[in-house]
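Me: I would like to understand how the words used for a protein model are tied to numbers. Could you take me through them step by step?

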Amino acid sequence: MTRSQLDRLEAAHRSIADRVGAPAEIAMILGSGLGHLAEAVTDQTVIPYGEIEGFPTSTAPGHKGQLVLGTLEGRRVVMMEGRLHLYEGWSPRDIGLAVYLLARLGAKKLIVTNAAGGLNGDYAPGDVMLITDHMNFTGFNPLIGPNDEEIGLRFPDMSRAYDPELADKARAAARQANVPMHEGIYVGLAGPSLETSAERRYYRSAGGDAVGMSTVMETIAAVHAGMTVLGISAITNGATGGPEQTIDTVEDVVANAAISGTKIAAMFKTLLPGL
Ligand code: HPA
């Protein structure tokens, strides 16, 4: 019998409880090329994932592997600098465990950012998209397995996975910060190979606006644990699968994530004090 998520969560929390300071209010998971947001955190406590009992360690490009706790725009935050991806071989439940730990550290709100390809032909690299909903095309789910009722329900409602109130606050913050922001549906895949052009045209026809390899496991686990979620995508490449489709490289993705990341950082600066 494998250990329950609750046992794993409690062991992970115990292993760092004396180092985490005041409870966090807001948790953030930073996507590729967006890690520099962590630099603005003051009173930093940094905890490498390797020092958290039973915690997976991140290996993706542009990702470190540490929790950063501290203050950002006057709010107590905990950031995962370096996220865990299915394509690295982490199980959906490992990814869920990380999110439960953020909740256990006090965070009631989760902000997820990611790099994503633009399925929507109106999007350009360097753009920003508010995630209004997602489609989980990974074939996985972090809640498969025994359910811990102390964490959440067996069948959590997902009809408002991305919290409408947080979305409204993000819209207002983007307006105030003069950051143009699309709104759309994020398609989550396991990766690591990119989509074929036929797949991209299919995801677009299914209603997707952006496509990426993260976020959906985290959002499901967060909703399960009773957190509200705000999701923001950095559009890093065109992914229409049409005749205009160019070749994707990780270098372009990381470079364009930095352009979107500057806009996202400006928006967060306005957003965080009002959350
Ligand atoms: N597809 C999947 N994941 C991605 C992409 C993409 O085009 N761009 C950045 N992450």
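Reply: Let us begin with burial: a residue is buried when its relative accessible area is under 20%, exposed when that value is over 50%, and partly exposed in between, with a 1.4 Å probe and protein chains only. This is a predicted model, in which local features need pLDDT of at least 70 and side-chain atom pairs count only at pLDDT 80 or more, while totals for chains, interfaces and linings use all residues. Residues are numbered from 1 along each chain as its sequence is written, and side-chain values use heavy atoms, with hydrogens and water left out.

Me: Why does Val112 count as buried?

Reply: Val112 has 0% relative accessibility, and the limit is under 20%, so Val112 counts as buried. Val112 lies in strand β5, where a strand is a DSSP run of E with at least two residues, a helix is a run of H or I with at least four, and both are numbered from the N terminus.

Me: What does Val112 touch?

Reply: A contact means heavy atoms within 4.5 Å. Leaving aside residues up to four places away in sequence, Val112 touches Ile29, Arg83, Thr215, Glu218, Thr219, Val229, Leu230, Gly231 and Ile232.

Me: Why is Ala12 called buried?

Reply: Ala12 has 1% relative accessibility, which is under the 20% limit, and therefore it counts as buried. Beyond residues up to four places away in sequence, Ala12 touches Ile52, Glu53 and Leu101.

Me: What makes a set of residues a nonpolar core?

Reply: The members must be buried Ala, Val, Leu, Ile, Met, Phe, Trp, Tyr or Cys residues, joined through side-chain atoms within 4.5 Å. The largest such core has 49 residues, and those with the most contacts inside it include Ile52, Leu67 and Leu101. Helix α2 (residues 92–104) gives the largest share of this core, seven residues. A second, separate core of 30 residues includes Met28, Ala38, Val41 and Met267.

Me: How do you know that helix α5 is largely enclosed by the rest of the structure?

Reply: Nine of the nine residues of α5 (residues 216–224) are buried, so the helix is largely enclosed by the rest of the structure. Among the elements that cover these buried residues are β1 (26–30), α2, β5 (109–118) and β9 (228–238). Just after α5, Gly226 takes a positive phi of about 85°.

Me: Which residues are around the ligand, and what puts them there?

Reply: A residue is near a molecule if one of its heavy atoms lies within 4 Å of it. The residues around the ligand include Ala115, Leu194, Glu195, Arg200, Met213 and Asn237. β5 gives the most to this shell, with three residues.
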